[in-house]
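Me: Please take me through the following structure by question and answer, and state the cut-offs behind each term when it comes up.

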Amino acid sequence: MKNKKIMDRLALLRNRMEEYGIDYYMMPTSDFHNSEYAADFFKVREYFSNFTGSNGTLVVAKEWAGMWTDGRYFIQAEREMEGTGITLYRMMNEGVPTINEYLQENMQKGQCLGFDGRVISAEIGEELEADLAEKSIRFRFDQDLAEEVWTDRPQLPCHDLYVLSDELCGKSFAQKTAEVRKQMQEYKTDAYLLCKLDDIMWLTNLRGNDVECNPVGLSYAFLTMDTFYLFVQPGEVTDKVHE
């Protein structure tokens, strides 16, 4: 029996892909910081496939879609994706191509691979760029197509940050930033960008509740030798944190 709900969602996604000139669109299981537990806002792969496992990557083309997942989820993925038209690729099994190998084999010269660049690591992006270079593949990493299709998408996690005492943390924010800047001097670095949430929380002595099982807030930090910028959602900044 066909899963009309998922097939309709994929049809809407393909319409957006065509509008943006994207031939293949990739959706991993990840948030902006590669956290182990992705909040509902980030469950794009699940929305377009019905597969609820904690690991998997969905790739969609005009007339094909494939899901790559590991051995923990072969049976679950097969059951949940029944009737969706999505092909299951059992990772690490003999004869099963990796995503990169599949794209190398099937993408045509000059085609475009799209993904939300905020949920794909630089390492994966560089590997794709290298593996697909011979086919002159173009990349669109500036489009979160789910934003235009998933009309009842959950909100981005947003919870109050809170401040831990210097005594509990061992060192003050000022002491920690001084140590980081000392390292920056040794490496002749003018600026330092932090994207790892646990690093940011350690450095600032802040904590949050945006990732399940992890006391972190969604954020980025940027240091120079005399300034510190913390990028967070305004709704997370309490009076105490602002102070």
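Me: In which helix is D131 found?

Reply: The model is predicted, and residues are numbered from 1 along each chain as its sequence is written. Local features need pLDDT of at least 70 and side-chain atom pairs count only at pLDDT 80 or more, while totals for chains, interfaces and linings use all residues; side-chain values use heavy atoms, with hydrogens and water left out. Helices (H or I, at least four residues) and strands (E, at least two) are DSSP runs numbered from the N terminus, and the run that covers residues 122–131 and holds D131 is helix α5.

Me: Is D131 buried, partly exposed or exposed?

Reply: Buried means under 20% relative accessible area, exposed over 50% and partly exposed in between, with a 1.4 Å probe and protein chains only. D131 touches N100 and Q104, not counting residues up to four places away in sequence, where contact means heavy atoms within 4.5 Å. Because its relative accessibility is 33%, D131 counts as partly exposed.

Me: Where is R153 found, and is R153 buried or exposed?

Reply: R153 is found in the loop between α6 (146–149) and β7 (162–163). The C-alpha atoms of R153 and F41 are separated by 6.4 Å, although the two residues are 112 residues apart along the chain. Since its relative accessible area is 11%, R153 is buried.

Me: Which side chains make polar contacts of 2.9 Å with the side chain of R153?

Reply: Leaving aside neighbours within four places in sequence, R153 is in contact with F41, V44, D144, A146 and E147. A polar contact is a pair of N or O atoms within 3.5 Å; within protein, one must be able to donate a hydrogen and the other to accept it, and residues adjacent in sequence count only if both atoms are side-chain atoms. At 2.9 Å, the side chain of R153 makes such a contact with the side chain of D144, and a polar contact of 2.9 Å also joins R153 to the side chain of E147.

Me: How many residues line the largest cavity, and which lie closest to its centre?

Reply: On a 1 Å grid over the protein atoms alone, a cavity is a set of points where a 1.4 Å probe fits but cannot get out, whereas a pocket is an open set with protein on both sides within 12 Å along at least five of seven lines; lining residues have an atom within 4 Å of a point. Grid points are joined across faces, edges and corners, and a volume is the space filled by probe spheres set on the points. The structure holds one cavity of 30 Å³ or more, and the largest cavity has a volume of about 130 Å³. Its lining is made up of 16 residues, and the closest to its centre are F42, V44, D116, V119 and D144.

Me: Into which classes do the residues of this cavity lining divide?

Reply: Ala, Val, Leu, Ile, Met, Phe, Trp, Tyr, Cys and Pro count as nonpolar, Asp, Glu, Lys and Arg as charged, and the others, Gly among them, as polar. β1 gives the most to the lining of the largest cavity, with three residues. By class, this lining divides into 11 nonpolar, one polar and four charged.

Me: Which residues lie nearest the centre of the second largest pocket?

Reply: This pocket has a volume of about 270 Å³, and the largest share of its lining, three residues, comes from helix α10 (residues 239–242). The lining of the second largest pocket has eight nonpolar, three polar and three charged residues. Of its 14 lining residues, those nearest the centre are V163, L206, K240, V241 and E243.

Me: Near what value is phi of M92?

Reply: M92 is found in the loop between β4 (87–90) and α4 (99–106), and M92 is exposed, with a relative accessible area of 79%. Most residues other than glycine have a negative phi. In M92, a residue other than glycine, phi is positive, near 75°.
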